[in-house]
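Today I am opening a new notebook page for a protein I have not looked at before. I will jot down what I look up, one topic at a time.

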Amino acid sequence: MTKKLLKQHRALKREMEELNIKIFQEQEKEEMSKKDFPYIERYDVEQEYIRKKLINEYNERKTKVEKETLEIESFISSIPDAETRLIFQYSFIDGMKQREIAEKLHMERSSISKKITEILQLSQKSVLY
């Protein structure tokens, strides 16, 4: 696990929310066009095809985002030390600054940074072996 990937967690969560909204909006458009279908002069097959393709693309991206998010959350929950796990939770999931975490856990800010570095180095070594 890398710090860069961990820092993506909140952005991935926001992206998932946006994708859910887009999927819902496209499905609503699809439902509206189906309601009008027998009563309109021309049913736009091409537009429906594009809409279905767009929904599929959104769903594929959502699946990828969910997988990346789960990978990050699984990594954090696999940290054996409760204090270090909290540090990762606060930092990468909740988006707190190291100073804020240090105050909350009654630690020095440098200790927070050291624990993060230590776990990331251990995870890199375990991936290599």
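Below are my entries, from the overall fold down to single residues.

**Entry 1: the overall picture**

I note first that this is a predicted model. I looked up the secondary structure and found six helices and zero strands. Reading along the sequence, I wrote the pattern down as α-α-α-α-α-α. The protein has 129 residues, and 29% of them are buried. I also checked the accessible surface, which comes to about 9300 Å². Carbon and sulfur atoms own 52% of that surface.

Among contacts with a separation of 6 or more, 66% join residues 24 or more positions apart.

**Entry 2: the nonpolar core**

Which residues have the most contacts inside the largest nonpolar core? I found Leu6, Phe75, Ile76, Ile87, Phe88, Ile112 and Ile116, in a core of 25 residues. The elements giving two or more residues to this core are α2 (9-36), α3 (45-77), α4, α5 (98-105) and α6 (109-128).

Leaving out residues up to four places away in sequence, Leu6 touches Met1, Ile72, Phe75, Ile76, Phe88, Phe92 and Leu120.

**Entry 3: the largest pocket**

The largest pocket holds about 220 Å³. Leu6 turns up again here, as one of the lining residues. With it I listed Lys3, Lys7, Arg10, Ala11, Arg14, Ser91, Phe92, Gly95, Met96, Lys97 and Gln98. I sorted the lining into four nonpolar, three polar and five charged residues. Helices α1 (3-7), α2 and α4 each supply at least two residues of this lining.

Is Ser91 buried or exposed? I see that Ser91 lies in helix α4. Ser91 counts as buried because its relative accessibility is 16%, and the cut-off for buried is under 20%. Not counting residues up to four places away in sequence, Ser91 touches Met96, Ile101 and Ile116. Met96 is also in the pocket lining, and Ile116 is on my list of core residues with the most contacts.

Leu86 is found in helix α4 too, which covers residues 82-93. Its relative accessible area is 34%, so I put Leu86 down as partly exposed, a class that runs between the 20% and 50% limits.

Note on methods. Residues are numbered from 1 along each chain as its sequence is written. This is a predicted model: local features need pLDDT of at least 70, side-chain atom pairs count only at pLDDT 80 or more; totals for chains, interfaces and linings use all residues. Side-chain values use heavy atoms; hydrogens and water are left out. Helices (H or I, at least four residues) and strands (E, at least two) are DSSP runs, numbered from the N terminus. Buried means under 20% relative accessible area, exposed over 50%, partly exposed in between (1.4 Å probe, protein chains only). Contact means heavy atoms within 4.5 Å. Accessible areas come from the Shrake-Rupley method with a 1.4 Å probe; for residues, only the protein chains shown count as cover. A nonpolar core is a set of buried Ala, Val, Leu, Ile, Met, Phe, Trp, Tyr and Cys residues joined through side-chain atoms within 4.5 Å. On a 1 Å grid over the protein atoms alone, a cavity is a set of points where a 1.4 Å probe fits but cannot get out, and a pocket is an open set with protein on both sides within 12 Å along at least five of seven lines; lining residues have an atom within 4 Å of a point. Grid points are joined across faces, edges and corners, and a volume is the space filled by probe spheres set on the points. Ala, Val, Leu, Ile, Met, Phe, Trp, Tyr, Cys and Pro count as nonpolar, Asp, Glu, Lys and Arg as charged, and the others, Gly among them, as polar.
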